[in-house]
Amino acid sequence: MHIFYTPDITVDGELPEEEAGHCLRVLRLGVGDEVMLTDGKGFFYKAVITAATGKRCQVKVVETIGQAPLWNGHLHLAMAPTKNMDRIEWFAEKATEIGFDELSFVNCRFSERKVIKTERIEKIVVSAVKQSLKARKPLVNELTDFGKFIQQKFEGQKFIAHCYEGDKPLLKDVLIPGKDAVVLIGPEGDFSPEEVQKAEAAGFQAISLGKSRLRTETAALVAVHIMNLFNQN
């Protein structure tokens with residue numbers, strides 16, 4: 001059964017316009033057909049289409065199904081956006097399939113992309129949520145300057161992955177299961193030395209993701225996967 005993303009289903013009882021169009025025009029569903037919905041906040045809903053007019057699709061919820069959290073803690077990935085949007089979109093899709101809670105974009109000194117529109121990322125995340133049968137949608141944040149980001153208040157552990165020499169433990173060796181965590185991933189040119197110093201002064205611990213030198217989106221996905229695996233329920 002197809003799943004539709006309906007964040008306001010408990011308020012208005014109908015599908016968002018884009019979801020309604022897919023339901024009615026693409027799948028050709030109609031009054032009386034059963035559909036499965038998710039609000040992205042932890043619940044699935046079994047529903048029946050009660051009205052289908054033009055671009056509107058109204059439904060009646062017949063059963064509410066809560067989905068227990070699939071991992072512990074709040075998993076937050078912050079990355080410098082890559083020059084190629086395809087790579088950002090690929091990461092957003094795969095990270096959502098694996099499972100995490102929040103995605104932030106950070107403008108660094110050596111960032112290749114200084115502007116990013118999150119609308120497309122949101123759509124990809126929603127699609128991946130439905131495809132991977134998750135009832136919770138990750139939060140997608142707008143681009144934030146590095147200095148402002150590291151001064152935000154974060155609960156739990158804070159990490160920064162960089163390629164400079166030094167004694168850096170593997171992320172897997174310092175993660176505390178069940179505790180909130182945020183991992184910072186830099187641009188292709190890495191963080192500047194000054195940015196690393198500022199992050200460490202703000203309480204971020206320098207970590208390694210392994211011996212291979214990784215592209216930005218690969219490093220980000222590795223970090224998400226490690227956080228997810230160590231927090232599986």
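What percentage of the 233 residues of the protein count as buried? In this predicted model, the share that counts as buried is 48%.

View 1. Taken along the principal axes, the box filled by the C-alpha atoms is roughly 65 × 35 × 30 Å. The protein exposes about 11,800 Å², and 50% of that area is supplied by carbon and sulfur atoms. When contacts between residues at least 6 apart in sequence are considered, 73% of them join residues that are at least 24 apart.

**View 2. Helix H2 and the elements that cover its buried residues.** Helix H2 spans residues 17-26, and within it Glu19, Ala20, Gly21, Cys23 and Leu24 are buried. The cover over these buried residues includes strand S1 (3-5), strand S2 (34-38), strand S3 (43-53) and strand S4 (56-66), together with H4. Just after H2 comes Arg28, with a positive phi of about 55 degrees.

**View 3. Glu19, a buried residue of helix H2.** Glu19 counts as buried because its relative accessibility is 10%, under the 20% that sets the limit for buried residues. The side chain of Glu19 makes a polar contact of 3.0 Å with the side chain of Lys130, and it also reaches the backbone nitrogen of Tyr5 at 2.4 Å. Leaving aside neighbours within four places in sequence, the residues in contact with Glu19 are Ile3, Phe4, Tyr5 and Lys130.

**View 4. Lys137, in the loop between helix H4 and strand S7.** The loop that holds Lys137 runs between helix H4 (118-131) and strand S7 (139-145). The side chain of Lys137 is joined to the side chain of Glu122 by a polar contact of 2.9 Å. If residues up to four places away in sequence are not counted, Lys137 touches Tyr5, Gly40, Glu122, Val125, Val126 and Val129.

**View 5. The contact between helix H3 and helix H8.** The axes of helix H3 (residues 85-98) and helix H8 (residues 216-230) come within 10 Å and cross at roughly 10 degrees. Because angles under 35 degrees count as roughly parallel, H3 is described as roughly parallel to H8. On the H3 side, the contact is made by Arg87, Trp90, Phe91, Lys94, Ala95 and Ile98, and on the H8 side by Glu217, Ala220, Leu221, Val224, His225 and Asn228. Sorted by class, the contact of H3 with H8 has 7 nonpolar, 2 polar and 3 charged residues.

**View 6. Met227, a residue of helix H8.** Met227 has 0% relative accessibility, so this residue counts as buried. Apart from neighbours within four places in sequence, Met227 is in contact with Leu75, His76, Leu175, Ala181 and Val183. A further pair that can be traced from this position is Met227 and Thr38, which are 189 residues apart in sequence and 24 Å apart in space, C-alpha to C-alpha.

**View 7. Arg28 and Asp190, two residues with a positive phi.** Most residues other than glycine have a negative phi. Arg28, which is not a glycine, has a positive phi near 55 degrees, and Asp190, although not a glycine, has a positive phi of about 70 degrees. Arg28 is found in the loop between H2 and S2, whereas Asp190 lies in the loop between strand S9 (181-185) and helix H7 (193-201). Is each of these residues buried or exposed? Arg28 counts as exposed because its relative accessibility is 71%, whereas Asp190 is buried because its relative accessible area is 7%.

How values were computed
Residues numbered from 1 in each chain as written. Predicted model: local features only at pLDDT ≥ 70, side-chain atom pairs only at ≥ 80, totals over all residues. Heavy atoms only, no water. Helix = DSSP H or I, 4+ residues; strand = E, 2+ residues; numbered from the N terminus. Polar contact = N/O pair within 3.5 Å; in protein donor to acceptor, adjacent residues only side chain to side chain. Contact = heavy atoms within 4.5 Å. Axes fitted to C-alpha atoms, helices over the stretch in contact; angles between N-to-C directions. Parallel < 35°, antiparallel > 145°, perpendicular 65-115°, else oblique. Nonpolar A, V, L, I, M, F, W, Y, C, P; charged D, E, K, R; others polar. Buried < 20%, exposed > 50% of the residue type's maximum accessible area, 1.4 Å probe, protein only. Areas by Shrake-Rupley, 256 points an atom, 1.4 Å probe, with all protein chains shown as cover.
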